[in-house]
Amino acid sequence: MKVIGIIPARYASTRFPGKPLVDLKGKPMIQRVYEGATQCASLDTVVVATDDQRIYDAVKAFGGNVEMTSETHPSGTDRCGEVAAKYEADVVVNVQGDEPLVNPGQIDTLCSAFADKSVTIATLGHTKVSLEDLED
């Protein structure tokens with residue numbers, strides 16, 4: 001089974017413009033996410049999907065795989081879809097671009113769901129959520 005991880009990243013966020021490039025202990029956030037995703041045993045390929053040249057250049061600078069996408073996508077999922085169409089893969093994992101502490105084990109757990117050929121979509125979840133977490 002061939003699995004690709006796609007990290008959608010856009011610069012023009014209304015709440016936090018430039019978030020993928022924010023410095024986190026000497027590295028841009030997108031690099032932290034990319035490095036975490038590449039630690040996943042299940043992902044054969046990791047690629048950043050962006051519509052911004054600054055993000056593209058930052059990913060290239062640290063040696064990552066990156067694809068430019070249309071600026072008209074309404075969501076990161078649409079950005080992932082555009083890039084996924086360029087690759088041959090059995091499974092595409094949308095790795096959130098603003099999760100610098102991505103847990104490779106969780107992505108591997110998610111990917112294991114696709115060993116069952118009847119599974120066509122999966123997401124991670126947690127059964128125990130505190131009231132405090134719900135109200136946060």
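# A tour of loops, salt bridges and pockets

Start by selecting Lys25, which sits in the loop between strand S2 (23-24) and strand S3 (27-28). The model on screen is a predicted one. Display the backbone of Lys25: its phi is near 55°, a positive value in a residue other than glycine. For comparison, most residues other than glycine have a negative phi. Lys25 has a relative accessible area of 81%, so it is classed as exposed.

**Salt bridges**

The count of salt bridges comes to 5.

Select Lys27 and Glu35 together. How accessible are the two partners, buried, partly exposed or exposed? Glu35 is partly exposed at 26% relative accessible area, and Lys27 is also partly exposed, with a value of 26%.

Arg54, at 46%, is partly exposed.

Then select Glu67 and Lys86. Glu67 belongs to strand S5 (residues 66-68) and Lys86 to the loop between H3 and S6, so the pair ties together parts that are 19 residues apart in sequence. Lys86 is partly exposed, with 46% relative accessibility.

**A buried threonine**

Move to strand S4 (residues 45-50) and select Thr45, which lies in that strand. Is Thr45 buried or exposed? Its relative accessibility is 18%, so Thr45 counts as buried.

**The largest pocket**

Rolling a probe the size of a water molecule over the atoms shows where empty space is left. The largest pocket holds about 500 Å³ of space. Its lining has 24 residues, and to find the centre select Val92, Val93, Asn94, Leu110 and Ala122, the closest to it.

Helix H3 (76-84), strand S6 (91-94) and helix H4 (104-112) each give at least two residues to the lining of the largest pocket. What classes of residue make up this lining? Colouring by class will show 14 nonpolar, 8 polar and 2 charged residues in the lining of the largest pocket.

**The second largest pocket**

Go on to the second largest pocket, which has a volume of about 440 Å³. Select Pro8, Ala9, Arg10, Lys19 and Asp98; among the 20 lining residues, these lie nearest the centre of the second largest pocket. Strand S1 (3-9) and H3 are the elements that give two or more residues to the lining of this second pocket. Keep the colouring by class: the lining of the second largest pocket has 6 nonpolar, 7 polar and 7 charged residues.

To end, keep H3 selected and show both pockets. Helix H3 (76-84) supplies at least two residues to the lining of the largest pocket, and H3 also gives two or more to the lining of the second largest pocket.

Definitions and conventions: Residues are numbered from 1 along each chain as its sequence is written. This is a predicted model: local features need pLDDT of at least 70, side-chain atom pairs count only at pLDDT 80 or more; totals for chains, interfaces and linings use all residues. Side-chain values use heavy atoms; hydrogens and water are left out. On a 1 Å grid over the protein atoms alone, a cavity is a set of points where a 1.4 Å probe fits but cannot get out, and a pocket is an open set with protein on both sides within 12 Å along at least five of seven lines; lining residues have an atom within 4 Å of a point. Grid points are joined across faces, edges and corners, and a volume is the space filled by probe spheres set on the points. Helices (H or I, at least four residues) and strands (E, at least two) are DSSP runs, numbered from the N terminus. Ala, Val, Leu, Ile, Met, Phe, Trp, Tyr, Cys and Pro count as nonpolar, Asp, Glu, Lys and Arg as charged, and the others, Gly among them, as polar. Buried means under 20% relative accessible area, exposed over 50%, partly exposed in between (1.4 Å probe, protein chains only). A salt bridge is a side-chain nitrogen of Lys or Arg within 4 Å of a carboxyl oxygen of Asp or Glu.
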